[in-house]
Amino acid sequence: MPKIKGKLGIEEFYSVIFNGEPISIDQTVLATVQKSFDFLKEFSKNKIIYGVNTGFGPMAQYKIKDSERTQLQYNLIRSHASGTGNPIPAKYVKAAMLARLNTLSLGNSGVHTSVIELMTSLINKDIVPLIYEHGGVGASGDLVQLAHLALVLIGEGEVYYKGSLRPTQEVFEIEGLQPISVEIREGLALINGTSVMTGIGVVNTIYTRRLLEWMIACSSAINEIVEAYDDHLSHDLNQTKKHQGQREIARAMRSHLKDSTLTRKREHHLYTDNNGVSIFEEKVQEYYSLRCVPQILGPVLDTLNNVERIMIEEVNSANDNPIVNVEKEHVYHGGNFHGDYVSLEMDKLKIVVTKMSMLAERQLNYLMNSKLNDILPPFVNLGKLGLNFGMQGVQFTATSTTAENQMLSNPMYVHSIPNNNDNQDIVSMGTNAALITKKVIENAFEIIAIEIITVVQAIEYLKVQDKVSSKTKKMYDAIRAIVPAFEEDLVMYPYVNQVKDFITNHKNS
């Protein structure tokens with residue numbers, strides 16, 4: 001059971017979000033939060049503290065009466081619960097809740113301990129707030145999206161509960177839950193921060209790593225199918241480049257292919273006596289989409305590792321305003337809520353995911369085009385040429401979806417639009433960046449699903465099931481359990497969707 005101690009890693013997110021494991025709160029966390037709350041309550045007397053006894057944003061110039069301070073927090077939550085568009089899927093919302101819970105557990109926010117306790121209960125009981133995609137500009141963080149979370153914590157709004165959308169109040173009554181105590185600045189502390197963009201970002205990194213694993217598997221299998229020379233994957237060649245990502249991709253592909261009987265040694269074929277040969281019938285070197293995989297996927301891996309590091313740094317940071325420092329007995333005003341770190345990393349991630357989808361599309365095209373590969377029928381058509389179409393139809397889908405990814409990969413990071421009466425005069429658009437990256441990743445799974453089906457059809461046509469590596473054979477068997485070998489044309493979309501679902505929800509291990 002993961003325990004909240006103010007420090008979370010990818011493993012804890014995976015356990016809670018993907019495996020549904022419950023969380024517990026370390027008693028030291030509750031003590032830290034209580035201490036922060038008590039300090040802020042005392043410190044804020046006879047002082048002007050933003051969001052405690054002032055209005056918000058441009059309205060901060062207005063002092064709030066002591067008798068209206070609690071109402072101020074409720075007003076903030078209700079007025080900013082203004083999201084629109086599609087609901088964010090529950091998995092991503094739970095990740096956002098876990099990220100928010102963790103940052104509030106650091107003791108830099110001055111919230112009441114009931115916030116920590118109720119958020120823990122919601123996560124453990126799988127009660128997921130309704131949060132919409134549209135609304136965040138990522139400057140004071142995810143104000144709008146987090147307001148929908150805060151709305152649930154005060155017992156209002158709607159939640160997903162046991163498969164349906166229901167009023168929060170109704171679900172709280174069923175589960176015996178009480179809304180949080182709004183005492184000092186619970187409203188501001190809950191909605192002021194980067195936890196939605198970060199939670200989505202963490203899930204994006206988990207899915208991207210899974211996507212990369214399948215891409216490595218496909219890239220390895222296609223090298224087997226064409227009986228490629230293996231020196232482009234060799235340790236000696238790849239060690240001459242200093243990039244860790246390239247070296248790791250080459251190592252992973254060597255591991256995948258270690259028991260394959262199809263890849264060839266150059267020294268057995270081209271480094272022998274070739275006197276009298278003026279034109280080589282077989283390719284001396286493979287096309288780039290086969291030969292340059294370590295150089296193409298290496299930057300993807302390096303970028304992914306860095307994005308993951310930044311996401312976890314953000315999860316474990318105080319990201320609201322103002323910041324309470326009990327040790328220094330001071331309250332600092334600043335901009336830790338600004339989402340530029342997340343926005344930039346999400347843009348980087350969607351660019352490398354798009355490059356992965358482009359590589360998959362090119363490998364797919366190589367298999368489809370008989371004039372390029374010289375060993376397979378057009379469109380890997382196992383039926384009667386002219387009468388049957390094989391994989392021709394799904395190639396259109398892969399090409400179209402790749403083009404969409406290319407368009408979506410334009411950065412959000414540089415699309416700041418001032419708003420909030422120019423108080424927020426430069427913003428991150430981090431939530432948009434994270435959500436668009438989510439879409440790019442989902443698209444990439446579709447493209448790779450189509451490639452995997454085609455790889456399996458190619459293995460079927462060449463009858464090399466017993467010659468491919470054990471890892472390729474395992475992939476072949478898994479996909480064959482979903483998609484039958486076909487000569488006659490099939491309605492393809494159910495199979496593509498089923499394979500997409502399989503590779504999205506299963507590690508290639």
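**Overall architecture**

Of the 509 residues of the protein, 55% count as buried, where buried means under 20% relative accessible area, exposed over 50% and partly exposed in between (1.4 Å probe, protein chains only). The model is a predicted one, in which local features need pLDDT of at least 70, side-chain atom pairs count only at pLDDT 80 or more, and totals for chains, interfaces and linings use all residues. Residues are numbered from 1 along each chain as its sequence is written, and side-chain values use heavy atoms, with hydrogens and water left out.

- The protein has 20 helices and nine strands; helices (H or I, at least four residues) and strands (E, at least two) are DSSP runs, numbered from the N terminus.
- Taken along the principal axes, the box filled by the C-alpha atoms of the protein is roughly 95 × 45 × 45 Å.
- Among the contacts in the protein with a separation of 6 or more, 77% come from residues 24 or more positions apart; contact means heavy atoms within 4.5 Å.

**The sheet β4-β6-β7**

- Three strands, in the order β4-β6-β7, make up an open sheet with antiparallel pairing; two strands pair if DSSP finds at least two bridges between them.
- The edge strands of this sheet are β4 and β7, each of which pairs on one side only.
- Strands of a sheet pair through backbone hydrogen bonds, either parallel or antiparallel.
- Strand β4 (residues 128–129) runs antiparallel to β6 and is joined to β6 by two bridges; P129 has V159 as its bridge partner in β6.
- On the other pairing, β6 and strand β7 (residues 164–167) are antiparallel over four bridges.
- Within β7, R166 stands opposite V159 and L165 stands opposite Y160.
- A hairpin is formed by β6 and β7, with two residues between them, and K162 in the turn has a positive phi of about 50°.

**Packing of α18 against α20**

- Helix α18 (residues 430–462) packs on helix α20 (residues 493–505) at an angle of about 110°, and their axes are 8 Å apart. Here α18 is roughly perpendicular to α20 because of that angle.
- Axes are lines fitted to C-alpha atoms, for helices over the stretch in contact, and angles run from 0 to 180 degrees between N-to-C directions.
- Angles under 35 degrees count as roughly parallel, over 145 as roughly antiparallel, 65 to 115 as roughly perpendicular and the rest as oblique.
- The crossing in which α18 passes α20 is right-handed; a crossing is left-handed if the near helix is turned anticlockwise from the far one by less than a right angle, and right-handed if clockwise.
- From α18, the residues E442, F445, E446, I448, A449, I450, I452 and I453 meet Y495, V496, V499, K500, I503 and T504 of α20.
- The residues of this contact of α18 with α20 comprise ten nonpolar, one polar and three charged; Ala, Val, Leu, Ile, Met, Phe, Trp, Tyr, Cys and Pro count as nonpolar, Asp, Glu, Lys and Arg as charged, and the others, Gly among them, as polar.

**Backbone geometry in loops**

- N321 and P322 are joined by a cis peptide bond, with omega of about -5°; P322 lies in the loop between α14 (293–315) and β8 (323–325).
- V380, a residue other than glycine, has a positive phi near 45°. The loop between α16 (370–373) and α17 (392–408) contains V380, which counts as buried because its relative accessibility is 0%.
- K463, likewise a residue other than glycine, has a positive phi near 55°. K463 is placed in the loop between α18 and α19 (470–480) and counts as exposed because its relative accessibility is 67%.

**Position of D38**

- D38 is in helix α2 (residues 27–43) and, at 39% relative accessibility, counts as partly exposed.
- D38 and S164 are 126 residues apart along the chain, and their C-alpha atoms are separated by 39 Å.
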